[in-house]
Amino acid sequence: MCATCGCADGAQIRHQHDDGTWHEHGAHQHDGAGTGHGDRHDHGQTVTLEQKVLARNDTLARQNRDWLRGRDILTLNLMSSPGAGKTTLLERTARDLAGELAIGVIEGDQETALDADRMRAAGCRVVQVNTGTGCHLDALMVREALTALDPPDGSVVVIENVGNLVCPALFDLGEEARVVLASVPEGTDKPLKYPHMFRQADLVLLNKTDLLPYVDFDVRQYAADVRRVSPSALMLRLSATTGDGIREWYDWLRRRMPVPREA
């Protein structure tokens, strides 16, 4: 068990071959898994294990980041609650920017390869990470997924994290930027209710703005709360379904792309 958030181990890394078949292999176990160390009720023991888990994760995340930067790969950690529209946004992005940006995706879900199939159909190289009962990806899962993904130099890798507004915020994966996606039907209060997630964001995307006439959502209050929680984060409004506001998202991606070293 992961003492930091209580999620289970036993994640599975899956990648799809050109013939459409999936290859699956086991990932890692968290520190303390199967030893009983994470099950003790002693507070001091639990805090110590949490610190060790996060410290080990941060070390691996730095190694991931160095590896990705050395290849001029822009890596984004895309986080949201379930159903906010991460996959729909990535599908549209991959299709609209085909020929301009090579986009690879690491898909994090507890089960199935449904989203990975959608992204592969959109033209992306994809690796699926199934976490079982786990509620987030971590740096070691991402390292193993990157090995299977084998992204080309100068490309974009989007880590579509497990749908969850709590635990993914705790784990650095080696990304260059964190993107938090929220949707209008979720309500105005999300930045205040989940401040740690929004506080970590470089970019906040407010999705499904085409539904604003039909739901009770205060855009001004939402924007004010984002600024209150994360003053440095940029906020953009868009609809991944209709395409409204999508160009600003594409422009942000282009600005974040690293300058090739030979240049």
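How many helices and strands does the protein chain have? In this predicted model, where local features need pLDDT of at least 70, side-chain atom pairs count only at pLDDT 80 or more, and totals for chains, interfaces and linings use all residues, the protein chain has eight helices and nine strands. Residues are numbered from 1 along each chain as its sequence is written, and side-chain values use heavy atoms, with hydrogens and water left out. Helices (H or I, at least four residues) and strands (E, at least two) are DSSP runs numbered from the N terminus.

Of the 263 residues, 52% count as buried (under 20% relative accessible area; exposed is over 50% and partly exposed in between, with a 1.4 Å probe and protein chains only). The accessible surface, from the Shrake-Rupley method with a 1.4 Å probe, comes to about 12100 Å², and 47% of this belongs to carbon and sulfur atoms. Among contacts (heavy atoms within 4.5 Å) between residues at least 6 apart in sequence, 72% join residues at least 24 apart.

On a 1 Å grid over the protein atoms alone, a cavity is a set of points where a 1.4 Å probe fits but cannot get out, and a pocket is an open set with protein on both sides within 12 Å along at least five of seven lines; lining residues have an atom within 4 Å of a point. Grid points are joined across faces, edges and corners, and a volume is the space filled by probe spheres set on the points.

The largest pocket has a volume of about 200 Å³. Of its 15 lining residues, Pro82, Gly83, Lys86, Asp115 and Glu160 are the closest to the centre. Helix α2 gives the most to this lining, with three residues.

Two cavities of 30 Å³ or more are found in the whole structure.
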